[in-house]
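Colleague: Please take a close look with me at a single part of this structure, and describe how that part meets its neighbour as well as how it is built inside.

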Amino acid sequence: MTARHTQVLIIGGGPGGYVAGIRAGQLGLETVVVDGLPLGGTCLNVGCIPSKALIHVADEFAIATDQAKRAPLGISVADPTIDLGQAVAWKDGIVRKLNSGVGRLLAKAHTDVVEGWCTLVDGKTADVTGVDGSTQRITADHVVIATGSEPVALPAIPFGDGVISSTEALALTEVPPLLAVIGGGYIGLELGMAFAKLGSIVTVVEAEPQILPIYDRQLTAPVAKSLTALGVDVLTGTTAVELTDDGLVVEGSDGRRTIAADTVLVTVGRRPRVSGVGLEHLGLSMNGPFIAIDDRCHTSMRNVWAIGDVTGEPMLAHRAMKQGEVVAEAIAGRPAAFDPTAIPAIVFTDPEIVTVGLSPEQAEADGLDVIVGRFPLQANSRSMTLASDRGFVRAVARADDHLVVGLQAVGRSVAELSTAFGLALEMGARLEDIGDTIHAHPTIGEGLAESALAALGHALHI
Ligand code: FAD
Ligand code: NAD
């Protein structure tokens with residue numbers, strides 16, 4: 001076994017680990033990133049990027065199909081077909097380009113990459129088994145655990161034999177004719193909707209009384225309506241029981257029924273990847289299933305740090321990336337803390353949902369006296385020119401000083417509003433600041449200014 005020493009050892013090259021690797025290298029720290037899989041982690045290889053590519057394919061196909069059937073825009077298209085194998089090859093090309101791009105960024109920062117699996121021996125030592133079978137021991141002044149998360153399996157319906165996770169769903173080369181999705185959260189709805197557009201007959205089974213249970217019903221209602229329009233059967237308040245030769249047996253308040261399915265996609269959440277890393281040798285404090293960290297991403301052991309999905313909710317790539325920056329700065333001795341006002345979240349369904357900060361209900365539950373402004377996108381000219389009039393933009397602000405505490409939207413192409421929403425909250429905007437800002441016309445972003453004006457009681461376009 002060979003041996004080497006480095007200042008910073010990062011275990012995992014996902015959005016958390018690779019960003020930490022780039023920033024640590026930029027700050028002049030000798031850094032090694034270890035990952036047994038291609039750089040970019042879940043997000044780049046089997047998560048954010050592949051899913052958004054598949055959703056784009058499904059959207060384009062749905063538009064073509066709609067033109068062929070109804071020609072609402074006067075465009076005639078003859079009988080579109082989908083070659084999912086080709087679409088997946090296109091998606092794989094994007095992934096490969098990004099894998100090598102991340103490698104180049106790390107090389108530019110003079111950060112080394114070791115392809116292999118890392119097991120911690122103690123808080124300063126790890127053994128790495130290379131993908132080529134080689135072994136090496138790496139000692140480090142600082143260790144950053146960025147091992148991410150993995151899909152949760154259902155014990156009664158284990159993966160294999162037609163039961164797949166998002167990873168396999170993103171590599172299918174044939175559209176499954178009968179797809180049952182267990183879990184109506186982020187992944188179940190993003191992918192379930194995409195496959196419905198590609199031609200699958202989709203049933204979504206959700207245990208809670210509504211889809212996307214972490215969001216309020218005003219936000220989820222347009223998505224539920226769109227699922228119905230796509231012919232997706234959504235069974236809420238229902239759990240999956242077992243898989244038989246006849247299909248997926250589910251149980252709701254009205255008893256048991258069997259759903260015909262050739263493919264079952266299980267998307268009931270993800271859990272932190274804490275086993276197989278040697279954490280048992282460290283005895284770190286835990287926060288439930290996650291590694292406990294402070295606001296500098298420091299664990300309970302000196303000079304052992306943790307970032308990303310392995311440290312808690314929300315399990316989102318941009319949280320992991322920001323923590324990656326923070327941890328590198330903290331290790332370099334700079335004043336740094338992960339202390340965002342809010343973390344934006346987007347559900348890439350059709351329509352999309354974007355949220356930052358508190359919903360009206362959450363603000364009230366926090367004891368805040370709030371005013372709420374809501375602007376329907378039906379009154380937004382840009383939405384109309386995009387052939388879409390669904391959804392709204394909502395502003396939530398403190399009643400006394402009008403400080404904005406939450407911004408939400410649901411509608412076509414609203415995901416990009418996350419930038420303005422995030423900036424508004426992070427910079428402490430008041431409703432008047434948003435209302436006074438000149439928003440370009442015609443844009444969906446005008447809905448943000450209108451929602452602020454609506455909260456102040458003088459919206460212009462409703
Ligand atoms: P990961 O990306 O999971 O990376 C961890 C890395 O550590 C992996 O590459 C793994 O191989 C490596 N590793 C683990 N153990 C070891 C070991 N012992 N030795 C060496 N290496 C190891 N988030 C968003 O913000 N937006 C989205 O649109 C979005 N879409 C998603 C869609 C899907 C289908 C899925 C599954 C997830 C999606 N996410 C999305 C979530 C996002 O992918 C994660 O939040 C993000 O990848 C977390 O980054 P991370 O660096 O913490 O971990
Ligand atoms: P999720 O937590 O979003 O949704 C899981 C859903 O499954 C929940 O609605 C839950 O009530 C339901 N459920 C749980 N057990 C069930 C059962 N036995 N039967 C029926 N329903 C059941 O989890 P996910 O969709 O697997 O996604 C995992 C994580 O990945 C997300 O929480 C998010 O952090 C991340 N992600 C983000 C994006 C994005 O940012 N656009 C996209 C995909 C994934």
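This is a predicted model: local features need pLDDT of at least 70, side-chain atom pairs count only at pLDDT 80 or more; totals for chains, interfaces and linings use all residues.

Modeller: Residues are numbered from 1 along each chain as its sequence is written, chains are lettered from A and ligands numbered from 1 in the order of writing, and side-chain values use heavy atoms, with hydrogens and water left out.

About 360 Å² is buried between domain 1 and domain 2, and carbon and sulfur atoms give 63% of that area; buried area here is the accessible area (1.4 Å probe) that two parts lose on being put together, summed over both. On the domain 1 side, V46, K91 and P151 supply 86% of the area that this domain buries against domain 2, which is more than any other three residues.

Across the boundary, four residues of domain 1 are in contact with four residues of domain 2, contact meaning heavy atoms within 4.5 Å.

The polar side of this boundary can be stated briefly. Between domain 1 and domain 2 the count of salt bridges is zero, where a salt bridge is a side-chain nitrogen of Lys or Arg within 4 Å of a carboxyl oxygen of Asp or Glu. Between domain 1 and domain 2 there is one residue pair in polar contact, with both residues at pLDDT 80 or more; such a contact is a pair of N or O atoms within 3.5 Å, and within protein one atom must be able to donate a hydrogen and the other to accept it, with residues adjacent in sequence counting only if both atoms are side-chain atoms.

Over the whole structure, a search finds 19 salt bridges. One of these is formed by the side chains of R271 and E150, at 3.3 Å from N to O. Since R271 belongs to strand β15 (residues 270-272) and E150 to strand β6 (residues 149-151), the pair ties together parts that are 121 residues apart in sequence. Helices (H or I, at least four residues) and strands (E, at least two) are DSSP runs, numbered from the N terminus.

Turning to the sheets, one open sheet has five strands in the order β7-β14-β8-β9-β10, with parallel pairing; two strands pair if DSSP finds at least two bridges between them. Its edge strands are β7 (163-164) and β10 (233-235), each of which pairs on one side only. Helix α6 (residues 186-198) lies across β8 (178-182), β9 (201-205) and β14, and runs at about 160° to β9; axes are lines fitted to C-alpha atoms, for helices over the stretch in contact, and angles run from 0 to 180 degrees between N-to-C directions.

Another open sheet consists of three strands in the order β11-β12-β13, and its pairing is antiparallel. Because β11 (239-244) and β13 (255-259) stand at its edges with a single partner strand each, one side of each is left without a neighbour in the sheet. From one strand to the next, the twist averages 25°.

The strand β12 (residues 247-252) is joined to β11 by five bridges in the antiparallel sense, and here E242 stands opposite V249 of β12. The pairing of β12 with β13 is likewise antiparallel and runs over five bridges, with L248 facing I259 of β13 as its opposite residue. The link from β12 to β13 is a hairpin that passes through two residues. In a regular strand the side chains alternate between the two faces of the sheet.
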